[in-house]
Amino acid sequence: MKMLKSIAIVTPGGDAPGMNACVRAVTKYGLSFGLKIYGIQRGYAGLLENDFVEMKSNSVSGIIHHGGTILKSNRCKEIRTEEGIKKAVQILKQRKIDYLIVIGGDGSLSAGLRIAKKGISVIGIPASIDNDVYGTDETIGFDTALDTAVEAVDKIRDTATSFERIFVIEVMGREHGFLALDIAAASGAEVVVIPEVKIDFDRVVKKILFSNKKGKSSMIIIFAEGAGDSKLFAKKIESATGLEVRVSTLGYIQRGGEPTGRSRILALKMAVFAINLILKNKKNVFVAIKNNKIMSQPLWCLKNRKEIDLKYKKIIESIN
Ligand code: F6P
């Protein structure tokens, strides 16, 4: 009699729209193969507190269109320690969990790698609004955060135009500029400031004054939170140009909201791929999408830093 594989799903770290669609697909598709599915509550903190709930088909009813994660999350410091990892492994072994599926961003997946190194089979599914996971073109939730942010920037542009002001709009992305770049591209922002590129303040001032002289009376500057202090940057722009500058920080609206169809479909495809990997006894990899093809990458490659496309940044700023 083939052993029934038991799987535990955890959604640690920053929540992302589409996580629920992913939990739903892992659960339903896994159950269809007779797998036992558990949901770990509140991320790695819940894992360390042995807080597991068995998942049935009706556990994931009516969640596909909700942002956030029904399993909840938590910024668990203990999992970053050797003792924390050992405790997590011990609990997973005690519960005879065959596979841990980690649905999360770079930090969450990296903790999954450390758990894998202690003998637990791990499959990662990249979900984060930051889109900063090495080895995958896209993470679940990124598309939704992009749409949410672009809609907000479009609204701000209305008042920028009416008041002939420059707006510095701070967006999320942790230490990366992937979200900021796509927001700038999609909203027609004239300038985008990202952590990966040192701020060339004089060049920004020159561009503002040049555009202003050509009759452009308002401007949008997208400022990635990891690039520094957006308020200080705005003050410096105002004193260097003599133009009115305001700051708007988009904040946590970028993390929530109904997932877009694209986020939901990516979640489904990655979830199905993850279960198929388990059925083939593959382990210690994470699901990725490269050139629109769903594939897997070894967890150890997470040590690499995802590169930003600087040519893309230049194009965005040159045409806007
Ligand atoms: O990783 C997702 C993210 O939203 C980042 O973009 C942001 O810097 C961070 O989480 C905020 O962390 P917290 O939710 O702990 O405030």
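Biologist: At roughly what angle do the axes of helix H5 and helix H6 cross?
Modeller: H5 covers residues 142–163 and H6 covers residues 178–187 (helices are DSSP runs of H or I, at least four residues, strands are E runs of at least two, both numbered from the N terminus). This is a predicted model, where local features need pLDDT of at least 70, side-chain atom pairs count only at pLDDT 80 or more, and totals for chains, interfaces and linings use all residues. Residues are numbered from 1 along each chain as its sequence is written, and side-chain values use heavy atoms, with hydrogens and water left out. The two axes (lines fitted to C-alpha atoms over the stretch in contact, with N-to-C angles from 0 to 180 degrees) come within 9 Å and cross at roughly 50°.

Biologist: Which word describes how H5 lies to H6?
Modeller: Take that crossing of roughly 50° and sort it: under 35 degrees is roughly parallel, over 145 roughly antiparallel, 65 to 115 roughly perpendicular, the rest oblique. H5 is therefore, relative to H6, oblique.

Biologist: How many nonpolar residues are in the contact of H5 with H6?
Modeller: From H5 you get Phe142, Ala145, Leu146, Ala149, Val150, Val153, Asp154 and Arg157, and H6 brings Phe178, Leu179, Asp182, Ile183, Ala186 and Ser187 (contact is heavy atoms within 4.5 Å). Ala, Val, Leu, Ile, Met, Phe, Trp, Tyr, Cys and Pro count as nonpolar, Asp, Glu, Lys and Arg as charged, the others, Gly among them, as polar. Besides 1 polar and 3 charged residues, the nonpolar count is 10.

Biologist: Over to H3 and H4: how are they set to each other?
Modeller: H3 takes in residues 82–94 and H4 residues 106–116, and their axes come within 9 Å. The crossing is roughly 70°, so H3 and H4 sit roughly perpendicular.

Biologist: How many charged residues does the contact of H3 with H4 have?
Modeller: H3 puts in Ile85, Ala88, Val89 and Leu92, while Ala111, Arg114 and Ile115 come from H4. By class there are 6 nonpolar and no polar residues, and the charged count is 1.

Biologist: Which loop holds Glu164?
Modeller: Glu164 has a phi near 50°, a positive value in a residue other than glycine. Glu164 belongs to the loop between H5 and strand S6 (166–171).

Biologist: And what is phi of Asn291 near?
Modeller: Asn291 sits in the loop between strand S10 (285–290) and strand S11 (293–298). Asn291 is a residue other than glycine, yet its phi is positive, near 45°.
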